[in-house]
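Please look over the sequence and structure first.

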Amino acid sequence: MVLRAIKISLQEILPLRNLFLQENNFQIRYNAQHERGWSDSYLITYNEEKIGYGSVAGKDNIPDRDSIFEFYIIPSFRKFASPAFFELILASKATYITCQSNDLLLSSLLFEYAQNINADTVLLQEDFTSSLYIDNLIFRKRSDSDTAFEHKAEPVGEYVLELNKEVVATGGFLLHYNMPFADLYMEVREDCRKKGFGSYLIQEIKKQCYLAGRVPAARTGLDNIASRATLIKAGFKIAGFMLSGTIKK
């Protein structure tokens, strides 16, 4: 048995990556690493036969390619996943593993090959259709004449909530994720928080997301309890967590 991990172009692993996306039918947090040129690709071979791939990028967006963040082996060769992953570690000289807990293959290898494992982000997926309503609150597209409040965490969104002719919240959805998923975001003006505005805004953005042909998803910091509660109230549920660990020497 000869297993190898060979550095290769992104184009050459795309057919295998399509299988990875089909099997993992959920939002891939670091999907854009590939198209932005921020990743290195490795082909996994077994006796010269192509059986999978691995992807490595910089942990915390640093330039060094030091963190394995995607790994896929064709199901019929999945029994070789662990030794194949070890070959990827050797070839890439990676120091870290970063993965989603709902990616069962890579997360199992994380616990086998890494230490000091921690989570920093909650991943959420669509669960149900909420029916929230707040009197006098108008949901609409943002216009050029709108004056947005100072945003501290998120960009000014394409959609706004208007109350008494003032913009009190904005949000939207990002499309640089694997089809058909989109990532929802929002920010509520500081003096208007804890009134249900955020959940109502997310509820309405979800509708627009579906009309655009995308499936809504979201994420928030592990310690951001308020944001998590807002998203769950608007019809999301926890889908997993972003995990990372240091590869054992």
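## A buried phenylalanine and its partner

In this predicted model, F77 has a relative accessible area of 15%, so F77 counts as buried. F77 lies in the loop between β4 (67-73) and α3 (81-92).

How is the pair of Y46 and F77 arranged? The ring centres are 5.8 Å apart and the planes meet at 55 degrees, so the pair is tilted.

## Other aromatic contacts

Y159 and F173 form a stacked pair. Their centres are 6.5 Å apart, with 20 degrees between the planes. Y159 belongs to strand β8 (residues 159-163) and F173 to strand β9 (residues 166-174). Both Y159 and F173 are buried.

The count of aromatic pairs comes to 11. F71, F85, F86 and Y113 form one aromatic cluster. A charge also meets a ring: the charged end of K206 sits over the ring of F236, 5.2 Å from its centre.

## The largest pocket

The largest pocket has a volume of about 870 Å³. Its lining comprises 34 residues. M186, T220, N224, A226 and S227 lie nearest the centre.

Which elements give two or more residues to the lining? They are β6 (114-126), β10 (181-188), α5 (197-211), β11 (215-221) and α6 (225-233). By class, the lining has 13 nonpolar, 9 polar and 12 charged residues.

Note on methods: Residues are numbered from 1 along each chain as its sequence is written. This is a predicted model: local features need pLDDT of at least 70, side-chain atom pairs count only at pLDDT 80 or more; totals for chains, interfaces and linings use all residues. Side-chain values use heavy atoms; hydrogens and water are left out. On a 1 Å grid over the protein atoms alone, a cavity is a set of points where a 1.4 Å probe fits but cannot get out, and a pocket is an open set with protein on both sides within 12 Å along at least five of seven lines; lining residues have an atom within 4 Å of a point. Grid points are joined across faces, edges and corners, and a volume is the space filled by probe spheres set on the points. Helices (H or I, at least four residues) and strands (E, at least two) are DSSP runs, numbered from the N terminus. Ala, Val, Leu, Ile, Met, Phe, Trp, Tyr, Cys and Pro count as nonpolar, Asp, Glu, Lys and Arg as charged, and the others, Gly among them, as polar. Rings of Phe, Tyr and Trp (its six-membered ring) pair if their centres lie within 6.5 Å; planes under 30 degrees apart count as stacked, over 60 as edge-to-face and the rest as tilted. Buried means under 20% relative accessible area, exposed over 50%, partly exposed in between (1.4 Å probe, protein chains only). A charge sits over a ring if NZ of Lys or CZ of Arg is within 6 Å of the ring centre and within 35 degrees of the ring normal.
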